[in-house]
Amino acid sequence: MRALYVLKRACIQQIAFTCTARWRWTQSRSFSNTIPEKHAPNNTMFKHLTSKIKATGPISVAEYMREVLTNPVLGYYVKNDMLGADGDFITSPEISQIFGELLGIWCVSEWMAAGKPKEFQFVEFGPGRGSLASDILRVFSQLQVVLGGATVSIHLVEVSPRLSELQARSLTGDRNQVFASENAPAYRQGTTSTGLPISWYRSLDDVPKGFSIYLAHEFFDALPIHKFQKTERGWREMMVDIDPEDAARLRFVLVPAPTLASSTLIQAGESRDHVEVCPEGAVVIQKLSTRIVEDGGAALMADYGHDGTGTDTFRGFRGHKPHDVLSAPGTADLTADVDFGYLRRTAGDQVACFGPIAQRTFLQNMGIDTRLQVLLRNCRDASTRAQLIRGFDMLTNPVKMGDRFKFFALLNHNRLAPPPPLEKGKLTPLHLGEKGKKMALAPLPVAGFSELKF
Ligand SMILES: C[S@@+](CC[C@H](N)C(=O)[O-])C[C@H]1O[C@@H](n2cnc3c(N)ncnc32)[C@H](O)[C@@H]1O
């Protein structure tokens, strides 16, 4: 436990005195008020979707979301750089460098708690512009002494060739190479500016097995959801159809009979009258749990979401404004709150689940207040100082991103077992007194989910 205190103190106070001060005021995706846009331009994605519907009938919301976001040719993520002030939304790693630094410390602390395995894979899902990975690489670099002789490698799961290009530029400069082969596990490989091997994959299945710390920030909310409505005749699935009164528009319809999805995805005794279920998210959780059990490691997920209480949360964003999800498909981001209760049920007993807890609680437990003070102390530029404070407020203020964003983790059960008995001749719990005895017998605390006091 002491190792964790020391790590936390060392990291928060010493990592990169230089502030990158990334912060621009823009609307995050956690805010949703109105849906102003009514018009549906006849874009290519719209034509693609209507041809599909004409051929096979209404499509599920999951299929609609999958096509709109990740269609290999026309998909929103595949074609666009949607993040930042000129894009459609902003995310925490883009708001403040502190966010990525604290998550980097989390990764190192979980690697330490697992007994410092020789091989350490850092795996990130949906890295966007690569800002989070970049801040984490800086932490790994500053903590080289702590990481000792471990062989660290970086693995990014990214479906978008456009975004992978941006990530490669930010993380490797031009030290990367693209592989055309569909069959190669990695479609891009290189060396980070800090000298670590880095690879890109289309799916988790392609990432090599081995001890890994997995990170997914605003990834699960982008995975396709099915939508269901409780009716007098039972649960019915909501689908997307062409509006019969205006062929240039799409509309939601309720399927009159049960579908395979409505018969299998609603849990018994469901008390809500509208439910969104993300089976692709469940598949990722199942695979992560199996990997964590077999190879060791931990997964940390951060997203806006709920613990099985949310209902109709499917929404769109374009140009930092709420956008009608069925209007001009492919030109706006689509997203839905993550149901962490469903993810926890999916993980079952295989792994230990932590959270969901509010982002502000997690970041405060990780020492965000101290880290901000250290950066402010070392920063003379007034506008950078103001940016750091605004970024801190945006991340932790309960009415901004502090409460709506949640952290959730999967850990190997062995990680929570008490440490092995102390070797003969070393300090025993008796020598450490009552407090020491308790500490020595307790499992190492999980950073972020409990407060580590200095
Ligand atoms: C909302 S963005 C979040 C970006 C970044 N994590 C951040 O917080 O700034 C979603 C990311 O997940 C990627 N993505 C979406 N669906 C994916 C999928 N099925 N497989 C892999 N990556 C996906 C997108 O291309 C994008 O990089």
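Modeller: The model is predicted. Two packed helices are described by the angle between their axes and the distance between the axes. For helix α14, residues 368-377, and helix α15, residues 382-396, the angle is about 170 degrees, and the axes lie 10 Å apart. Since an angle over 145 degrees counts as roughly antiparallel, α14 is roughly antiparallel to α15. On the α14 side the contact is made by Ile368, Leu372, Leu375 and Leu376; they meet Arg385, Leu388, Phe392 and Thr396 of α15. By class, the residues of this contact between α14 and α15 comprise six nonpolar, one polar and one charged.

The sheet is an open one of three strands, with antiparallel pairing and the order β14-β13-β15. Its edges are β14 (321-323) and β15 (333-335); each has a single partner strand, so one side of each is left without a neighbour in the sheet. Direction ignored, neighbouring strands of this sheet are turned by 40 degrees against each other on average. Strand β13, residues 315-318, runs antiparallel to β15 and is joined to β15 by three bridges. Within this pairing, Arg315 has Thr335 of β15 as its bridge partner.

The ligand is surrounded by 18 residues, of which Tyr77, Thr91, Gly126, Gly128 and Val159 are the closest. The shell around the ligand divides into nine nonpolar, six polar and three charged residues.

Terms used: Residues numbered from 1 in each chain as written. Predicted model: local features only at pLDDT ≥ 70, side-chain atom pairs only at ≥ 80, totals over all residues. Axes fitted to C-alpha atoms, helices over the stretch in contact; angles between N-to-C directions. Helix = DSSP H or I, 4+ residues; strand = E, 2+ residues; numbered from the N terminus. Parallel < 35°, antiparallel > 145°, perpendicular 65-115°, else oblique. Contact = placed C-beta atoms within 7 Å. Nonpolar A, V, L, I, M, F, W, Y, C, P; charged D, E, K, R; others polar. Near = placed C-beta within 6 Å. Pairing = 2+ DSSP bridges.
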